[in-house]
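Trainee: I have a structure to look at and would like to learn how to read its features. Could you take me through some of them, one at a time?

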Amino acid sequence: MTKLTQRLASSLETAARLLRRYSSDEAKVLVLGGVRSGKSRHAERLMNRHPEVVYVAPGYPASEDDPEWAARIALHQARRPANWRTVETSDLAATVRRASRPLLIDCLGTWVSRVLGEVGAWEQAKGWELRLDDRLEEFLAAWVNAHVPIVAVSNEVGMGVVPATVSGRVFRDVLGALNNRVAAESDSVQLVVAGRVLRLGERALL
């Protein structure tokens with residue numbers, strides 16, 4: 001057996017062990033909701049049954065320059081169980097691909113905002129759309145092929161006033177499209193409104 005086939009066999013066996021460890025009803029869940037709707041708390045409750053969870057924080061890290069944002073992060077950190085491990089990264093695709101424990105991603109909205117900055121969208125840098133597409137497609141491929149239970153939280157956008165700025169409209173459009181794509185590849189999509197959970201049963205249109 002060559003080294004390549006040995007690595008392939010090892011990878012397949014690892015995937016098989018993970019699939020045996022977690023049942024099919026614990027697969028991919030997308031939790032949507034507005035600001036302060038309770039979506040993060042609901043997602044955390046969904047993961048409480050697992051003895052170990054990796055909490056993925058893909059947004060901007062806490063900063064002394066933004067105490068309000070730092071306070072929000074601290075609030076989330078304080079209510080996480082002690083046995084959860086936190087990973088702060090904007091490389092969601094690699095994190096999902098390497099996962100060997102259940103993942104909670106909170107949230108796709110802050111991740112999209114960070115990625116838009118990294119690819120130069122705010123400055124309308126040349127080629128930012130292609131760089132953005134690459135990042136989104138890489139994450140979606142990882143999501144589709146994930147071998148562990150995974151819950152992603154995201155903001156439901158586009159239900160209010162049309163943003164007055166170009167950057168606001170870009171964010172709304174990109175996140176709305178991403179939510180649609182992720183939902184299409186999820187086993188369960190749940191919308192949280194004013195603390196109430198609505199399970200969306202119909203298949204995605206796109």
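**Reading a helix and its surroundings**

Mentor: Helix 7, which covers residues 166–184, has 19 residues and reaches 27 Å from its first C-alpha to its last, close to the 27 Å expected at 1.5 Å a residue. Helices (H or I, at least four residues) and strands (E, at least two) are DSSP runs numbered from the N terminus, and the expected span is 1.5 Å times one less than the number of residues. This is a predicted model, in which local features need pLDDT of at least 70 and side-chain atom pairs count only at pLDDT 80 or more, while totals for chains, interfaces and linings use all residues. Residues are numbered from 1 along each chain as its sequence is written, and side-chain values use heavy atoms, with hydrogens and water left out.

Trainee: Which residues of helix 7 are buried?

Mentor: Buried means under 20% relative accessible area, exposed over 50%, and partly exposed in between, with a 1.4 Å probe and protein chains only. In helix 7 the buried residues are Gly168, Val170, Val174, Leu175, Leu178, Asn179, Val182 and Ala183, and what covers them includes strand 1 (28–33), helix 5 (108–118) and strand 6 (188–193).

Trainee: Where is Ser186, and is Ser186 buried or exposed?

Mentor: Ser186 lies in the loop between helix 7 and strand 6, and Ser186 is buried, with a relative accessible area of 6%. The side chain of Ser186 reaches the backbone oxygen of Val182 at 2.7 Å. The C-alpha atoms of Ser186 and Ala27 are separated by 8.0 Å, although these residues are 159 residues apart along the chain.

Definitions and conventions
Contact means heavy atoms within 4.5 Å. A polar contact is a pair of N or O atoms within 3.5 Å; within protein, one must be able to donate a hydrogen and the other to accept it, and residues adjacent in sequence count only if both atoms are side-chain atoms.
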